[in-house]
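Please consult the structure below before reading on.

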Amino acid sequence: MPAGAPGLARLGLSGWLLISGFGCAGSHAEADRPVPSLATSEAAQREFRDVEERWASSTPAGRAAIEPRLRAFLAAHPHDGRAPLVRVYLALVLLDQRHFAAAKTALAPLANAPPGTTRDYSELAQAALLLAEGDARASRVQLEELRGKLIGAEERMLYGELLVRSALAEEHLAEAVLDMRWWLNEVEATDVSEVKLRVLGYIGRFRPRELEEAREWLLRDKAASSAAEHTLDSWLEHELLAHLVRSAVRDNDAALARRLMRVNARELGDVATRDALERLAGGGELARRVVGRTVGLVLSLGAPQARVRSSELSAGVTYALGLPESARDPEAVRLLVKDDRDGMRAALGALASEGASILIAGVDDVGGSEAVNFAEEAAIPVLTVASVQRPEAEWEYAFSLGEPLATQRSVLEAALRREGTRRWVEVGFDPGSASCVNQVDTAGASRFPVTEWQRSGVDALLLLGDERCSQDVIEETRRAGRGFELALGLESAALAPDPGTPGSIVFVRAGAFPAEGVPSSRDMPNAWYQALGQDAAALAKRALAPFPIETVDDALIVAELHTRARDRLLSTTVKLRTSHQDGFAGQHQLPRELRPVVRAATRSP
């Protein structure tokens, strides 16, 4: 890699760029261009005018097509007064094509050119060549010698980009931002929007620490800016700050969030953004605070499936805690709720900082894993209803109530074999199954390949998706007049009492779920994640029963209370809906036996 390339490569900018066409082609007056000596003949003057018109009207990528005319002019009029400018044009076109040696040859006769605009333009092209060859330092020296000399709008556009890229190549990132400031303020007003787009492309690749340093440099330099420069300086500062805010929220960087909170609140974005940053700044410290007997719940808002599960989970939790009636009891367990729009870790951290002693979070593999990692890093008990696979030795503060899909599949497939079923297809969210993600484009179209299943001799459907997906499958098979045997996973098991099909049914029972018959909403949860939420909250409520109702801020006492909550979860017992066991029994994954239940086909009267 050339000496000047590491900085550009690290920023994802190692590729060259079209430099022969900076600015909007044809948008600047002829007077803005370098003015060489007059042509020595009418023919030369006519040919040069043609070259200039084509140069001005061509797009940057299209200027390669002018190369033959440039060479023809130089061959026919090598001593013409306009030949030096044509040589610069040729060098820039060759640079765009990465023909560096040829570009150097084209510029060589201009080394001793008399002072003037064409000489300055040739030195600008030479600086571009040096940067392209990887010698950013030499390019920078050349550019500094040209500062303030360039007149043409297109030349100043190119000069600003080369300044920025040479600083980036040497990893002088804060200095590059000051060069961006110069660039914005020195180009023509018609070119500012294009420069802004390029600047955004560059600063979007900076690391947060680099952006912070660059912003500090800019603020110092901005103090001496003129009134005319102030508007563009303010725009650049705003974009640097906006990138920092997005980085903090995206990366859950609590330390960065706390530094940004020192900025005037109005500069941090809209109210939602400021609130997200504030929650992250507070939660990132994983504040060890306990406010009475408090449980925290995180709702996942990402995929539609996660939103449905979160809704069910919330219903189960509030039911188990006796809400809203229990809210009037000062000794009852309180519930705090956050969502994961700013990330799971930010939500969990915010709940912990507001005093929750036990947290409930994670309805899918990703959210569950993040919740478990948070629990172990923060030493705060977290109950996840997702199935998280993790070595037993690594569980200390995290607990899982989830049930692996693979276990459900194994139990149901074994039951189907015992019933003599020969061929079945799986419908669910796993790759390789008929997907619940499928949607129909037109009314009346089939979401699932029922006809194909019939032709291939399928006897049963293994429904491992959610209840809504399974209902859709059953309805489509009913409309098609084909009755398949059904095998229902836990998310669909509530359909077992009345599936709407006469075929035989196999479903999974976990503890007392699903209930016999059609359950009452105040008696037995009829959705799997609602039942899990009820069990999680029941365990948390029992574990927190002996806790003080006062607020505790002392770090040592709070840490002791979190450890006590963990120990209570390991040993507490309470009647559960989703397990035959009445607690974790010293384990971190809820013991559970899955039992297949077979219901024979119903006969028509």
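Predicted model: local features only at pLDDT ≥ 70, side-chain atom pairs only at ≥ 80, totals over all residues.

Residues are numbered from 1 along each chain as its sequence is written, and side-chain values use heavy atoms, leaving out hydrogens and water.

- Helices (H or I, at least four residues) and strands (E, at least two) are DSSP runs, numbered from the N terminus.
- Helix α9 is mostly covered, with 11 of its 14 residues buried (under 20% relative accessible area, with a 1.4 Å probe and protein chains only).
- Among the buried residues of α9 are Asp179, Arg181, Trp182 and Trp183.
- Helix α8 (residues 153–169) packs with α9 at an angle of about 170°, their axes being 8 Å apart; axes are lines fitted to C-alpha atoms, for helices over the stretch in contact, and angles run from 0 to 180 degrees between N-to-C directions.
- That angle makes α8 roughly antiparallel to α9 (over 145 degrees).
- The contact (heavy atoms within 4.5 Å) includes Arg156, Tyr159 and Leu163 of α8 and Glu175, Met180 and Trp183 of α9.

**The five-stranded sheet**

- An open sheet of five strands has the order β3-β2-β4-β5-β6 with parallel pairing; two strands pair if DSSP finds at least two bridges between them.
- The edge strands, β3 (334–339) and β6 (398–400), each pair on one side only.
- Neighbouring strands of this sheet are turned by 20° against each other on average, direction ignored.
- Strand β2 (residues 294–299) pairs with β4 (residues 358–360) over three bridges, and the bridge partner of Leu297 in β4 is Ile360.
- Helix α15 (residues 304–320) lies across β2, β3 and β4 and runs at about 165° to β2.
- Helix α17 (residues 365–378) packs on the sheet, touching β4, β5 (382–384) and β6, and its direction makes about 165° with that of β5.

**The disulfide**

- A search of the whole structure finds one disulfide (a pair of cysteine sulfur atoms within 2.5 Å).
- The disulfide joins Cys436 to Cys469, S to S 2.1 Å, and is left-handed, with -80° about the S-S bond.
- Cys436 lies in the loop between β8 (434–435) and α19 (450–455) and Cys469 in helix α20 (residues 467–479), so the pair ties together parts 33 residues apart in sequence.
- Both Cys436 and Cys469 are buried.

Methods
Buried < 20%, exposed > 50% of the residue type's maximum accessible area, 1.4 Å probe, protein only. Parallel < 35°, antiparallel > 145°, perpendicular 65-115°, else oblique.
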